[in-house]
Structures are given as structure tokens and as C-alpha cells.
Amino acid sequence: MNTAPLLALQDVRKAFPRADGSELMVLDGVNLQVAEGEIVGLLGRSGSGKSTLLRLIAGLAEPSAGTLSYLGAPIEGPARGIAMVFQSFAIYPWLTVFENVALGLQALRMPVADIRQRSLAAIDLIGLDGYESAYPRELSGGMRQRVGFARALVVHPNILLMDEPFSALDVLTAETLRTDFLDLWTEGQMPIKGVILVTHNIEEAVLMCDRILVFGSNPGRILTEIRVPLPQPRKRLDPSFRALVERIYVEMTARPAAGAPGARAERFAGLGIGSVLPRVSSNLLSGLMETVAAAPFNGVADLPNIASDLKMEIDDLFPVAETLQMMRFAEVAGGDIRLTDTGLAFANADLDERKRIFARQLLNYVPLAAHVRRVLDERPSHVARKSRFLEELEDYMSDEAAEQTLRAIVSWGRYAEAFAYDDENATFNLENPT
Amino acid sequence: MTHRSEPFAFVRDLATRWDVIAIVIVIGLIAFLGEASRGLLEPLAKLEATPLSLDPARLPFYAARTTLRMFAALALSLLFTFTYATWAARSPRAGRLLVPILDVLQSVPILGFISITVVFFMSLAPGRVLGAEFAAIFAIFTSQAWNMAFSFYQSLRTVPSELTEAAASFHLSPWMRFWQLDVPFALPGLIWNTMMSMSGGWFFVVASESISVGHTSVALPGVGSYIALAIAERNLPAIGWAILAMLVVILLYDQLLFRPLVVWVDGLRFEQEPGGRPPRSWALTVMRRSRLVSGITAAFYAGVRWTSWAMPVDPSAPRAESKPVRHADTLWFAVVFVLVALAVWHIAQSLFARTSISEALTVSGLALLTMLRVTVLIALASLVWVPIGIWVGLRPRVSGLVQPIAQFMAAFPANLLFPLAIYGIVTWKLNPDVWLSPLMVLGTQWYILFNVIAGASAIPGELRYAADNLQVRGWLWWSKVALPAVFPYYVTGAITASGGSWNASIVAEVANWGRTQVRAHGLGAYIADATAAGDFHRIILGISTMSLCVVAINRFFWRPLYYYAERRFRLA
């Protein structure tokens with residue numbers, strides 16, 4: 001009997017070379033084993049390397065270090081027996097439903113009769129009966145993703161990789177597809193033996209997975225592993241379900257210990273000018289402060305509650321909460337957000353007063369903003385080129401992150417009226433239109 | 001229809017050293033071909049012109065021959081596109097050189113080049129007429145291939161990564177991937193560019209059928225030769241017949257090929273653009289009913305399946321990324337170095353060694369004159385067509401009527417109309433330096449018109465309602481609403497028009513009516529004269545100068561303007 005695990009990853013690392021010759025680490029020290037009959041969730045925010053990890057497992061990319069093996073054999077290129085479902089469905093718009101599903105079997109050069117029989121079976125299983133001759137453009141999002149599932153299942157894979165398969169769908173459709181998938185899985189109707197699901201939706205992870213690996217960013221790594229012992233079908237309102245969701249929120253809002261490995265450009269950790277800043281508009285910041293300040297929260301809110309109240313995913317909510325924390329408008333810990341006195345004052349102020357408070361917090365607690373302002377103040381012309389700051393930032397972060405960080409600074413600086421920015425000439429200045 | 005090709009989407013930098021290398025290689029190639037052809041000219045001097053007849057009854061036959069040449073060139077262009085563009089897109093190393101070369105080739109004035117290729121191909125082919133046919137087909141090929149290859153290259157580079165990943169994870173072989181993923185994805189853009197290129201091609205097929213280089217003159221049976229003969233014999237009715245014949249040919253081409261294809265590929269689009277009426281074609285509807293299209297599609301896919309069966313399996317499963325190989329890099333750079341060295345040697349030999357300072361100055365002066373002409377005329381054409389285009393584009397019913405006509409006019413070879421203008425200039429004794437100039441934009445101004453119409457019809461309804469609601473009218477409306485909204489489209493059209501006008505200058509600056517010659521001063525006339533005299537050294541000098549002018553204007557004027565337009569005025 002073969003005792004090798006379905007999938008085994010050891011010390012996997014992935015780094016991308018940068019223009020200046022250094023490396024950008026996106027994934028470090030990842031160890032993972034998947035046994036038969038498991039659904040494993042990779043949960044994390046965007047930029048935590050979970051999708052990169054999925055592509056390594058799929059054989060679409062090569063690790064910089066470490067080993068990946070499937071049924072004991074190393075993964076070198078796309079392996080037979082590992083199939084993938086994509087976030088944007090990735091079905092070919094010029095092929096019909098049937099042709100899309102049959103494509104993977106044609107690539108395996110199966111006899112035409114077998115292709116037909118197996119494709120129809122897969123289409124049938126996934127609930128696409130009657131749609132065989134339709135083109136993807138005629139289908140709704142949910143039906144398109146069903147094609148994505150049928151195409152993956154038709155090759156009878158052992159492992160199914162799912163890259164945020166429900167995140168491009170509306171809430172109701174996503175729920176239907178999840179339940180249908182779980183029904184097929186628990187009834188053992190699908191030919192698959194293990195599933196890896198990438199998601200940034202905490203409830204989805206708790207609903208579907210047997211085991212959840214929580215990912216951290218910069219570099220992407222596994223922070224913690226959480227087992228989900230609840231029997232299927234699970235109920236979202238079940239207290240034990242809620243407790244698990246709450247626990248994951250706590251894990252994900254835990255502040256990294258000082259000097260933790262890889263804290264180089266950790267968001268807000270160092271708080272030097274080298275921190276990567278998220279693009280969060282001042283409207284979102286005001287909106288969250290107002291919501292938390294108002295009843296029923298009155299200044300303190302449970303993040304899972306606020307997320308479901310505001311229909312925000314963690315990728316939307318966390319950056320806002322963390323920005324508030326950075327500017328000392330709020331404290332985020334233990335899955336809760338608590339407004340500071342400044343935050344409460346802001347929420348109750350009028351527009352001009354808000355701008356004054358925001359400017360003060362921005363210049364006091366966001367070093368890059370203070371830096372830009374200082375440079376402008378020191379120069380007789382009060383003008384500085386964007387590229388000047390961009391180059392400084394690129395010592396600390398990727399070009400893309402530097403661009404995003406400067407955009408955030410521009411947007412906050414404008415709101416605070418701390419400085420102005422001229423996009424035409426790509427310069428910062430102190431002018432205000434009169 | 002709101003299709004719009006993106007002229008500079010392939011490279012963002014203004015100029016890199018690869019551009020310089022590309023320019024050197026292309027000019028070196030022209031110099032080499034020119035030098036090689038010069039020696040071949042003499043034995044061909046005795047070639048007789050094929051006898052032609054001005055009998056209108058012969059015109060259908062001539063038109064058919066002309067059309068046949070078009071399609072032969074189209075097949076060649078497709079072959080070139082599938083290989084060259086795929087190579088450039090798959091190998092980043094090669095792409096760095098191949099893409100700039102394509103860009104420079106696009107700027108080479110095709111009409112000036114015909115003389116060189118005629119001699120070259122006639123020396124290759126055993127039967128002389130076959131050589132001339134090759135040369136004509138090659139001329140059309142050069143007017144189509146670069147543009148199509150660009151479009152295909154651009155599509156290959158923008159295939160969504162999830163689609164390629166899906167192909168890799170389902171083990172599609174490279175051959176299968178090419179036909180099942182790359183080609184269908186690129187097809188809408190490619191078809192549109194092919195149609196635009198073919199429109200330009202009619203101009204060149206007409207110009208390339210009747211060629212004389214030095215003492216060698218060739219007249220292939222075709223509409224172009226027919227009209228050349230009519231000019232020589234001052235036969236105005238015959239010119240009218242030729243124009244009529246061409247109108248019919250282009251109408252058939254438009255209705256039976258262009259429109260059905262455009263409608264058909266619209267269904268293949270990856271993104272479905274919201275709004276806008278889908279294009280329609282009666283011919284496609286008929287063909288669909290006759291099951292012709294589905295038959296062809298089925299046969300195509302059967303072919304793909306069969307060939308992918310027959311193709312050997314790639315032993316190593318393809319990776320989405322590959323590591324650069326060191327010695328392949330070295331080899332590649334060695335090849336590029338040798339190419340550049342050879343090119344420099346040829347340029348030095350045929351250009352610098354024989355060009356006196358005064359000759360260089362004369363040519364530069366003439367280039368400035370032609371540049372002035374192109375600039376003034378594009379400006380004038382813009383003044384006329386931009387307001388008209390906006391007016392038309394904002395009225396769906398009118399634009400539904402005018403847009404096909406504008407596209408049709410762009411396809412119609414304007415050089416067929418030249419004799420009429422020249423007849424006028426000769427009759428009324430007008431100043432040719434002024435009055436020959438409009439001929440340069442006669443065929444190219446339509447690109448401005450139909451791009452502006454497309455831009456104006458793409459303005460979102462709400463933006464227009466907002467302007468109405470705020471009672472924005474008059475100049476304020478033009479300057480703040482209409483002109484900015486169509487600006488990116490205008491730039492796209494103007495780039496095409498400007499490039500085409502440079503090319504047309506070669507046939508527009510010197511014109512004959514019987515034995516009377518009307519001539520303007522300019523680089524186009526210089527090249528035309530050199531061609532007539534069979535002076536290869538001056539041909540090469542003229543072509544190189546014109547190519548450099550076009551490349552420089554593109555790099556330092558149009559490209560920055562294009563990016564500015566994309567950044568400032570693009571409606572997201």
C-alpha cells in the first residue's frame with residue numbers, strides 16, 4: 001500500500017528577482033501535508049502568497065527552494081492528477097460548454113467516444129445538463145464557474161485546487177455553488193481525493209474546510225493552523241461556528257512580535273518611511289469611524305460583526321482598520337476595533353474640524369507624510385518631484401508597492417490639505433488653488 | 001463599430017538602444033537589397049511590357065487579377081504574422097529586437113521600395129512575368145504584414161494569465177495551445193487589422209502593377225496597369241471605367257468578406273463590451289443559413305484536433321515561466337552583433353561613400369518640404385473631419401450610414417482618382433507645389449474621419465446628458481466635452497493618416513498626364529525620379545531618409561501625444 005501522502009510540501013520558498021538584482025520574497029518556509037479525504041483552506045489577505053503557493057502546487061511555477069511532492073513524486077510542471085479551478089473561471093469564450101469540458105481530455109489524447117462519454121458525465125454531475133452547446137457568454141457567472149468545475153473534474157484528478165472560486169460571484173450564487181460542491185464531496189460522488197481551497201473569506205473557510213492554514217504577509221508564510229472539527233453540513237449561526245470565526249479574526253489581527261522574522265517591510269510594523277501603505281480613501285476611514293462610534297457599537301466593535309454588517313470581506317475591512325490604528329484613530333486587537341479619543345472626536349466633528357484632526361494625525365504618525373511635508377517646507381520653491389520619493393521608497397519595497405504607497409499619501413495629503421499634488425507634472429507642492 | 005487599433009501599445013519607451021539597432025539593420029537591409037539589385041538591372045532591360053487593352057470588357061478580368069494578388073499577399077502576411085509575432089512574443093530575447101524592427105519596417109515607404117523589389121524578384125524568377133508578380137505581391141505584403149504582426153504580437157502578450165495557466169494545467173501541447181487559445185483570442189484584433197491593412201493594400205496593388213525602373217517597364221494585367229495605360233493615352237473615359245470597376249470590387253470585398261468576418265469574430269471576443277449595437281451582416285446571415293460557416297468552423301477544429309494528434313508530445317511539461325539560458329543569450333547577442341556589423345558595412349558602402357554633402361543637404365531640404373506638406377494637410381483634414389466626425393458620431397442613425405462609407409472610402413485606392421486631379425491642374429495651369437499636395441491625404445483622411453466617428457459614438461450617454469443638463473453649449477461644449485472625449489481616437493486616426501500620407505507622397509508629388517508631367521518639390525518626387533532613372537544609390541538615400549523621418553516623427557511627436565491622450569482623456 002502506498003503510504004505517501006497525497007501532497008507534501010517542505011520548506012517551500014518563492015522569491016521573484018527585482019530589477020536591481022535583489023529578491024522580493026513572496027513565500028517563505030512553507031510546510032504542508034494533505035491527506036486523503038481532506039479539504040485544506042489557505043486563508044489570508046491579498047499579497048500573502050497563498051495564490052502563489054497554489055500555482056507552485058499546480059506546477060505552473062517553480063519554487064526558489066524547498067520540495068513539493070505529489071504521491072511521493074516531485075512536482076515538475078503541471079502534474080496529471082492535479083486539476084485547478086480559477087477565480088475568473090478561465091473558460092475559453094470561443095468554445096462551447098461541451099468543448100471547454102472536453103478540452104482537457106483531448107489534450108490527454110483519449111479516444112473520441114470516451115471523451116464524449118466522460119465529458120457528458122461531468123457536465124451531468126455538476127448540474128450543467130442542457131447547456132452543452134451554449135457559449136460561455138450566454139451563461140451567468142455561476143453557470144460559468146460550474147463549467148470551470150466540470151472541466152477540472154472530467155480529468156479525474158486526485159487533488160482539486162481551487163483559487164478563490166466563489167469570490168467573483170454574488171453572495172447567493174456563491175452559497176449555492178458551495179453547498180452543491182459540499183454535497184457532492186460528502187456523498188463521495190466526485191473522483192477527487194483531496195481539495196485545497198484558497199480564500200480570503202473567513203466564513204467560507206470555516207464552512208468548507210477540515211483544516212485552515214492562516215497566512216501572513218511580507219513574506220507570505222503560514223502563521224497558524226486551525227482544525228475545524230464541526231460535522232458537515234455546518235450552520236453559520238451555530239455558536240461553535242461563530243467561535244471559530246471569532247478565533248480566526250483574533251489570529252489575523254494579532255500584532256507581530258517585535259523583531260519577528262521577515263518584518264522588513266511589514267505593514268505598519270516598523271513605521272519608518274519604508275512602510276507599505278494601503279490605498280484606503282478618506283471616505284472609508286471616516287465611514288468606519290462613524291459606524292463604530294454610533295450605536296449599537298458606541299466606540300467598540302467586534303470585527304466579525306462589523307464585517308457582516310457592512311458586507312465587507314477581510315481584504316476590504318482589514319486595511320481600513322489597520323490604517324485607523326496606524327493614525328491612532330483606533331486600536332485593533334483580539335478581533336475587536338476600539339476608537340481612541342481622537343477617533344471619537346473625529347467622528348463627532350464637522351468637515352473643517354475633521355480635516356484639522358486628520359492633518360495632525362497624518363503628519364504625526366505617518367512618517368512618509370511628515371517626510372514629504374518637511375521636504376516641501378525646506379525648499380524655497382515648495383515643489384518636489386514624485387520620482388524623488390519613489391526612489392527612496394524603492395529601497396524598501398517593490399516598485400508596485402512604492403507606487404501604491406505614494407498614491408495613498410497623495411490622497412490623504414489632499415484630504416488633509418497638508419500638501420498638493422500635480423499629476424500632470426508629477427510633482428508635490430504646497431499650493432492650494434485660490 | 002467602435003473598434004480601435006492601438007498603435008503604440010507594444011512599447012512604452014520613447015526610444016531604446018534596440019530601436020537604434022533596428023533602424024541600422026533595416027536600412028542596412030535596404031542598402032543590401034538595393035546594391036544587389038543594381039547589378040541585376042541590365043539583363044532585364046529587354047523585358048517587354050505585356051500588351052494591355054483599354055477595352056472596358058477586359059476590366060472584370062483585370063479586376064479579378066488584381067484581387068487575386070491581394071489574396072496571395074494576404075496568405076503570405078498571415079504566415080508571416082503567425083511565425084514572426086509568435087517568435088517575438090514567446091522569446092523575450094528575440095522580442096527585444098524583432099518588435100523595434102517591425103516598427104521601423106512599418107515606416108519604410110513601400111512605394112519607394114517597389115523598384116528595388118521588382119528588380120530583385122525578376123532576377124530570381126525564371127519567367128520574367130512571374131518575377132513581377134512576386135514583386136507586386138511582395139509590395140502588398142509589406143503594406144499588410146507589419147500591422148497584422150503587431151496586432152497578433154500584442155494579443156499574444158495580453159492573453160489573460162488564467163487562460164494560459166488553465167491551458168498548462170490541462171496539459172495542452174504548444175501546438176494545441178496555439179490554435180485553441182492564442183489564435184482565437186487574437187482573432188478579433190487580427191481580423192480588424194487585416195481588414196484595415198487590406199484597405200491600404202488596394203492602394204499599393206494599383207501602384208505596383210505598372211512599374212518602370214530605368215529602362216525596364218512592367219505592366220501586369222490588372223486595374224493598376226489599365227489606369228496607367230489610360231493616363232499615358234490621355235483616355236478620360238477609360239479612367240472612369242477603371243474607377244467604376246474598383247468601386248464594384250471594393251463593394252463586393254466589403255460586403256462578402258469584411259463585414260461577415262467582423263460580425264463573426266465579434267462573437268469570439270473575450271470581453272463583451274457593454275452597450276453598442278453588435279455589428280450586422282446580411283452576407284453572414286445568408287452563409288450561416290447555408291451552414292457554410294459552421295461547416296468551415298467544424299473543419300477547422302477537426303484540423304486542429306487532427307494535427308495536434310499528429311504532433312509529437314513535448315516530453316518536458318511546459319512551465320509557466322522559464323529560466324534564461326546563458327549560452328543561448330551569448331549566441332543571440334553574437335548574431336545581433338554580426339547583423340549590425342553587416343548592416344553598418346552596407347550602409348557605409350552604399351550611402352556614405354557615395355553621398356556628397358550637397359546631395360545630403362538637398363535630400364534633407366526636400367524631406368522638410370514634404371514634412372511641411374504632410375503636416376499642413378493633416379491639420380487641414382483634421383479641421384474639416386473632426387467636427388464632422390463628432391457631429392456624425394453623436395447621431396447613431398447617421399453614423400450607422402456614414403461609418404461604412406468612411407471605411408469604404410479608406411479602402412478605395414485614392415491613386416485611381418489622381419488622374420482627374422492632374423487633368424484639372426494641367427487644364428487650369430495650377431501651381432503643382434500647392435495643388436498636388438491634397439492628393440497625399442486624399443486616401444488617408446478617412447482614417448481621421450472614421451476614428452473620430454467611433455470616438456464620438458463611444459461617449460457614454462450620461463456624459464452627454466450631464467453636459468445638456470448643465471446647458472454647456474457652443475465653444476465650451478466643444479473644448480470641454482466633445483474634443484477631449486474623441487482625442488485618443490483622433491490621435492489613432494491621425495497617426496495612420498500621417499504615415500500613409502508620407503507613403504503617398506511618392507506617387508503624389510510627381511504625376512503624368514500623357515506626356516505632360518506635373519511635379520512638386522519634395523522627397524517623394526526625389527524618390528520617384530530616382531526610380532524612373534534607375535539610380536539605386538539615390539533610391540536608397542531617399543528611402544532611408546523618409547524612413548528616418550517617419551520613425552522620428554512617430555517617436556518624438558505621435559507616441560508622446562498618444563500616451564498623453566491615453567492618460568488624460570481615456571474614458572475608463
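## Sheets, helices and domains of a predicted model

In chain A, strands E11, E13 and E12 form, in the order E11-E13-E12, an open sheet of 3 strands with antiparallel pairing. Strand E11 (300–302) and strand E12 (330–333) of chain A are its edge strands, each pairing on one side only. From one strand to the next, the twist averages 15°, where axes are lines fitted to C-alpha atoms, for helices over the stretch in contact, and angles run from 0 to 180 degrees between N-to-C directions.

This is a predicted model, in which local features need pLDDT of at least 70 and side-chain atom pairs count only at pLDDT 80 or more, while totals for chains, interfaces and linings use all residues. Residues are numbered from 1 along each chain as its sequence is written, and chains are lettered from A and ligands numbered from 1 in the order in which they are written.

Helices (H or I, at least four residues) and strands (E, at least two) are DSSP runs, numbered from the N terminus. Two strands pair if DSSP finds at least two bridges between them. E12(A) is joined by 4 bridges to strand E13 (residues 336–339) of chain A, and the two run antiparallel. Ala330(A) stands opposite Leu339(A) in E13(A).

A further open sheet of chain A has 4 strands in the order E2-E1-E4-E5, with antiparallel pairing. Strand E2 (23–34) and strand E5 (73–74) of chain A stand at the edges with a single partner strand each, so one side of each has no neighbour in the sheet. Strand E4 (residues 65–70) of chain A pairs with E5(A) in the antiparallel sense over 2 bridges, and Ser69(A) has Pro74(A) in E5(A) as its bridge partner.

Strand E6 (residues 82–85) of chain A pairs in the parallel sense with strand E7 (residues 159–163) of chain A over 4 bridges. In E7(A), Ile159(A) is the bridge partner of Ile82(A). Both faces of E6(A) are covered, with Ile82(A) and Met84(A) buried on one side and Ala83(A) and Val85(A) buried on the other. A residue is buried if 20 or more other C-beta atoms lie within 10 Å of its own, exposed if 12 or fewer, and partly exposed in between, with C-beta atoms placed from the backbone.

Helix H1 (residues 50–57) of chain A is mostly covered, as 7 of its 8 residues are buried; among them are Lys50(A), Arg55(A) and Ile57(A). Just after H1(A), Gly59(A) takes a positive phi of about 80°. Just after H5(A), Gly188(A) takes a positive phi of about 65°.

Both chains have a domain assignment, from an automatic or database source.

| Chain | Domain 1 | Domain 2 | Distance between centres |
|---|---|---|---|
| Chain A | 7–253 | 282–429 | 35 Å |
| Chain B | 56–312 | 331–572 | 21 Å |

Two residues are in contact if their C-beta atoms, placed from the backbone, lie within 7 Å. In chain A, 13 residues of domain 1 are in contact with 11 residues of domain 2. Helix H7 (residues 239–253) of chain A gives the most to the side of domain 1 of chain A that touches domain 2 of chain A, with 6 residues. In chain B, 33 residues of domain 1 are in contact with 34 residues of domain 2. H9(B) gives the most to the side of domain 1 of chain B that touches domain 2 of chain B, with 7 residues.
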